[in-house]
There are 2 protein chains.
Amino acid sequence: MTTKTIKDMLGRSSLTPVHEATSLLLDQLKKIRREITTCSLPDALDRVLAIDILSPEDLPAYPRSTMDGFAVRAADTFGASSSMPCYLEIDGEVAMGQMPQGEVTQGKCFRIATGGLLPKGSDAVMMFEHTIPIDGKMLEIVKSVGVGTSLINTGEDIEKNAPALPKGHLLRPQDLGLLAGLGIAEVEVFARPKVGILSTGDEIVPWLESPPPGKIRDINGVTLTALCKRLGAEVTDYGIVSDNEDIFFATVKRATEENNVVLFSGGSSVGMRDLGERVIEKLGSPGILVHGVALKPGKPIIIGLTNNTAIFGLPGHPVSAMVCFEFFVNPALRSFRGLAAITHEAKPTISATLDRNINSAAGRLDLVRVQLQARDNAQPLAIPVLGKSGSISTLSRAHGYFLIPEDAQGVHENTTVKVHLLQ
Amino acid sequence: MTTKTIKDMLGRSSLTPVHEATSLLLDQLKKIRREITTCSLPDALDRVLAIDILSPEDLPAYPRSTMDGFAVRAADTFGASSSMPCYLEIDGEVAMGQMPQGEVTQGKCFRIATGGLLPKGSDAVMMFEHTIPIDGKMLEIVKSVGVGTSLINTGEDIEKNAPALPKGHLLRPQDLGLLAGLGIAEVEVFARPKVGILSTGDEIVPWLESPPPGKIRDINGVTLTALCKRLGAEVTDYGIVSDNEDIFFATVKRATEENNVVLFSGGSSVGMRDLGERVIEKLGSPGILVHGVALKPGKPIIIGLTNNTAIFGLPGHPVSAMVCFEFFVNPALRSFRGLAAITHEAKPTISATLDRNINSAAGRLDLVRVQLQARDNAQPLAIPVLGKSGSISTLSRAHGYFLIPEDAQGVHENTTVKVHLLQ
């Protein structure tokens, strides 16, 4: 396991570029077998398909009208126009939810409503809007229609045995609708990823306790748990663990045996970071994948892997911890969920105008938190939320963030930036 | 209650522009009182604050170091550089999680790790990287620091009694982190909106049943339920209701008494639409707000209001029903959740290049479903997913959609379009 290293400004650390760290991690994770479970359709929302689904039947099973009007033989309407209408005899009516009785013969038509089954003999639907009733029996037609107009054919939505949804597909509301339409009552999905979360550091107390001087409440445990839950993970809380190496090692080891992903966060001090690295190395092969990335905030992250469990040593500062979650833990959880790689790389953003100059060091990816402010007749203004990476309130005040790439040394005032929402 | 009407191409309907329909609806809804409930902090994820929260204390409570290094008196470092270093005596060390013992006096410093409390007398932290240890007692300093460098002051994250989070704020993971940091164990939030869903039409059978010829499974009930659940609503299923006006009226009436929002969907036929309008009018004032919008797909929506419950008669075609949900039900549910209006109007999108010409009728908003395809060194390609609005599979194949505004008659090939993801 080698990681290409670049030196920081003082030449004392070796940092991995963000995209290399991500590739290294995801390449390792995709080799891991994911568990599969069966889930009833209504419970499958936001789960990920573990198998390709073929359609068990034609949808719709019969041709149906998509308009209110008249089931006709298209050939009977050829050449019809408002200056030269043609005339059809109304010979019947399609009752909703029933097989139509009778057959549409030449020069005749059946009344039909949206959703009605096309009667035998007809091959198109003439919308009401293009007809003028002469009396109860006779209809004037002011437009011609082609075969197949205003109807949905057998299997036109989806054909029997055609691919309905592929393995790795996230089941969104419309996908549950499609499967319901096909009568599929349960689906094979990937198991939810299991995540173990612990906080480290002798200065951390549980957030419900009142911290004595020198100690602070556990902010990261709460934030990280909520971030994982939003991604459909099952979270186990391993509490606050002492800086003592034996206790820390024992807890992390147990957490790796019980989860797909383990997150620990705590001191951003060199001592805590060294402790984290030693513990991951001791857990076994392949051990540490990445220690330190060219990202601000978020530089001191440690990423490791042992026995098919990914371990993330997140920085103690709440902002850095959350940024590392977005860049590394989020893709890892997507991978454990079984989500297929998307065919487009882009992420949705809001274009906004930066309201001041922002400097950045070359060689690292900078994340700038911003508030967005609406403007009349112009794209919103992006106003940087300044504050230290230890300041959780900057993340609550921020609507989103934009990135300054590794090869830039800053962004000028009035430049358009692409803002990712923190929603 | 009047709605400005515009005529469709054939002059037979009166349609309301989408933005007018939305304003009309939201203006009515904001007058309704929302219920408030108390929620423990971990359970408050994705709920909406019902009150302004002020910080009960300073965060942090004491000044803390944000770097590994030495607590110094900034004045002792003035003028220090690598060519002209200055020297300080290491006089102590700050233990993590403890009140520091002793005081930093002139010419002296204390060892301190990230997160450590600043000892009395010190007013800045000198990073390790700018120091050279001479021996265990003496330190060479190669850079000067100003007062407040590399530390976070008392109340710098948030001050006691300062606004922490405002009423109407969505509680995201980082917001729970902030509240945990302040020791706030429970919060007042708005109650989840209650939504009643029913499907209408004699041709609809429950999705778990095998439909006889002429009937189809209930797709919309499944899709709409999942859409509501994603928005944190509590959904009650009122099943499939007959086209019989008395039965339909009784069920809708009961649903309006038990919910904030009622959705019915069913036939897109004129008959069904008339039935829906009659039932909403009969329920009482103000009754129908909008019938028919200048939107494709989605034109035949009916929007009503009775006794503080919003009623949506959605088109029967699954695509139209989902589009109407996005444009009208989604904002209504946001309003019932108590979400404050956002300060920026923009929604995040992906810029993509349209791969063919698309026509559109002037005077209506057109929604075009697309797949996105990644390209090397270029923004993704947007490929329209063609298909009828009765075809649910087009929504499963689509990655997102773009809009053609009312004043345009189409979009040319190679134009950049802004794609909203359906994720």
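P60(A) sits in the loop that runs between β4 (53–54) and β5 (64–65) of chain A; helices (H or I, at least four residues) and strands (E, at least two) are DSSP runs, numbered from the N terminus. Another cis bond joins S285(A) and P286(A), where omega is about -10°. P286(A) belongs to strand β20 (residues 286–291) of chain A.

Before going on, a word on what you are looking at. This is a predicted model, in which local features need pLDDT of at least 70 and side-chain atom pairs count only at pLDDT 80 or more, while totals for chains, interfaces and linings use all residues. Residues are numbered from 1 along each chain as its sequence is written, and chains are lettered from A and ligands numbered from 1 in the order in which they are written.

Backbone angles bring us to two more residues. Most residues other than glycine have a negative phi, and most peptide bonds are trans. D46(A) is not a glycine, yet its phi is positive, about 70°. You will find D46(A) in the loop between β3 (36–40) and β4 of chain A. It counts as partly exposed, with 19 C-beta neighbours inside 10 Å; on this scale a residue is buried if 20 or more other C-beta atoms, placed from the backbone, lie within 10 Å of its own, exposed if 12 or fewer, and partly exposed in between. In chain B, N308(B) also has a positive phi of about 70° without being a glycine. Its loop links β22 (302–306) and β23 (309–314) of chain B, and N308(B) is partly exposed, with 13 other C-beta atoms within 10 Å. By contrast, D376(A), in the loop between β26 (365–375) and β27 (378–384) of chain A, is exposed, having 4 other C-beta atoms within 10 Å.

Now to helix packing. In chain A, helix α1 (residues 18–29) and helix α6 (residues 318–337) pack at an angle of about 25°, their axes 10 Å apart. Here axes are lines fitted to C-alpha atoms, for helices over the stretch in contact, and angles run from 0 to 180 degrees between N-to-C directions. That makes α1(A) roughly parallel to α6(A) (angles under 35 degrees count as roughly parallel, over 145 as roughly antiparallel, 65 to 115 as roughly perpendicular and the rest as oblique). From α1(A), residues including L25(A), L26(A) and L29(A) take part in the meeting with α6(A), whose residues there include F327(A), F328(A) and F336(A). Contact means that two C-beta atoms, placed from the backbone, lie within 7 Å. By class, this contact of α1(A) with α6(A) has 10 nonpolar, 2 polar and no charged residues; Ala, Val, Leu, Ile, Met, Phe, Trp, Tyr, Cys and Pro count as nonpolar, Asp, Glu, Lys and Arg as charged, and the others, Gly among them, as polar.

How do the two chains fit together? A rotation of 180° with 0.0 Å of shift along its axis superposes chain A on chain B, with an RMSD of 0.1 Å, by least squares on the C-alpha atoms of residues with pLDDT of at least 70 in both. That is the relation of a two-fold axis. The same surface serves both copies, as 100% of the contact residues of chain A recur in chain B. Each chain's share of the contact is 79 residues from chain A and 79 residues from chain B. On the side of chain A that touches chain B, α2(A) gives the most, with 8 residues. By class, that side has 37 nonpolar, 27 polar and 15 charged residues.
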